[in-house]
Amino acid sequence: MRRSFSILLCFAILISFAGCRGGNVTESSAGRAFVIGFSQVGAESDWRIANTKSMTETFQGDPEYEFRMENARQQQENQFAAVRRFILEGVDLIVIAPTVEDGWQTVLTEVHDAGIPVIITDRSVSVWDNNLYLTNVGSNFYGQGKKAVDWLSEETRGESNVNILHLQGTIGATAQIQRTQALEDAAANQGNWITNKLYGDFTEAKAYEVMTDYLATTHDIDVLYSENDNMTFGAMRAFDEAGITYGEGGQVKIITFDATKEALQYCMDGKIDLCVECNPLFGPMVKELIEKYRKGEDIPKQVYVEEKVFTSKDLDQAFIDSREY
Ligand code: AHR
């Protein structure tokens, strides 16, 4: 009697653990919403705002899901705190859009030890154990940079020296590391490309500030390689104030990353030469992967979104108006 009571007790304990969370999460969705904790980088750019909207609209309004988002205001420590709160709250799955790649091993190990699956979105994490997350959904940032430098290499063929001003985003973020790498690899092969770097933190305000200071020292710029649209807008304002022309027929060729509506409009109007798309609208893709995971299906370790490049020739008003971001 005593023995069968102990066996029953063991079963009860096992079942209650499985109900909290399991390797395959199917049990936890029975009868209640599946809770997702999302640690977002911040609201530093139009791209980020579109990404937050895509993630939020995908899950909110679906009674199968409860979506809790925390804005880290571009600080990794805020992300660690948010993730630890999600563990304490016992969410079913955590989505992290990491500010920077390094520093994630400890907190992701804590999540793993708590038995909570993790999906990394947008940028990547650099951890020695890739089993700490299920999948990484986002852009091929090196591929974006490669498209940009391939275009520039055609445009500057036969020119003697090309002075490239490189506006960098948050140092250590995958978007910065890989877009920078693509430019540096190409510059090393070109021989006639001279690059100078400025730090713009992916924000319009910072880019405007550093560009204004830089233009007080020199106007010798042939190309602006700006790692996101918002920094480009800040740089354009500084160019305007310094009387420097840019875009088609201007002194400075502008390459920008994201392809937001506003940047595409400038591109169609001849103010920006190349828009490299960075697609933030992957909320539905993340949901699809979560649903596969919940059904116990295999999901790929890396999923890239589709992206294009645009010059003024590729654009018309109807297309720009139809864009979601
Ligand atoms: O990680 C994506 C990058 O981060 C986008 O290019 C930029 O606009 C955002 O802030």
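Residues 24 or more positions apart account for 73% of the contacts in the chain with a separation of 6 or more, where contact means heavy atoms within 4.5 Å. This is a predicted model, in which local features need pLDDT of at least 70 and side-chain atom pairs count only at pLDDT 80 or more, while totals for chains, interfaces and linings use all residues. Residues are numbered from 1 along each chain as its sequence is written, and side-chain values use heavy atoms, with hydrogens and water left out.

**Whole chain**

- The chain has 11 helices and 12 strands; helices (H or I, at least four residues) and strands (E, at least two) are DSSP runs, numbered from the N terminus.
- Of the 325 residues in the chain, 52% are buried; buried means under 20% relative accessible area, exposed over 50%, and partly exposed in between (1.4 Å probe, protein chains only).
- Along the principal axes, the C-alpha atoms fill a box of roughly 90 × 40 × 30 Å.

**Domains**

- The chain is divided into domain 1 (34-138 + 280-294) and domain 2 (141-278 + 311-322); the bounds come from an automatic or database domain assignment.
- The centres of domain 1 and domain 2, taken over C-alpha atoms, are 29 Å apart.
- The contact between them takes 12 residues from domain 1 and 18 residues from domain 2.

**Nonpolar cores**

- The largest nonpolar core has 58 residues, and those with the most contacts inside it are Leu-167, Met-211, Phe-239 and Ile-290; a nonpolar core is a set of buried Ala, Val, Leu, Ile, Met, Phe, Trp, Tyr and Cys residues joined through side-chain atoms within 4.5 Å.
- Helix α8 (residues 229-242) gives the largest share of this core, six residues.
- Domain 1 and domain 2 each supply at least three residues to this core.
- Another core, of 19 residues, lies apart from it and has Val-111, Ile-116, Val-118 and Tyr-133 among its members.

**Ligand site**

- The residues around the ligand include Trp-47, Arg-48, Phe-141, Arg-179 and Asp-258; a residue is near a molecule if one of its heavy atoms lies within 4 Å of it.
- An N or O atom in the side chain of Ser-45 is 2.9 Å from an oxygen atom of the ligand.
- A polar side-chain atom of Asp-122 lies 2.7 Å from an oxygen atom of the ligand.
- The side chain of Asn-228 has an N or O atom 2.9 Å from an oxygen atom of the ligand.
- On its own the ligand has 280 Å² of accessible area, and the protein covers 100% of this.

- Gln-105, Val-107, Leu-108 and Val-111 are buried in helix α4 (residues 105-113).
- These buried residues of α4 pack against α3 (76-89), β3 (93-96) and β4 (118-122).
- Asn-136 is in strand β5 (residues 135-138) and counts as buried because its relative accessibility is 3%.
- The side chains of Asn-136 and Ser-124 make a polar contact (2.9 Å); a polar contact is a pair of N or O atoms within 3.5 Å, and within protein one must be able to donate a hydrogen and the other to accept it, while residues adjacent in sequence count only if both atoms are side-chain atoms.
- Thr-52 is in helix α2 (residues 46-59) and is buried, with a relative accessible area of 17%.

Terms used
Accessible areas come from the Shrake-Rupley method with a 1.4 Å probe; for residues, only the protein chains shown count as cover.
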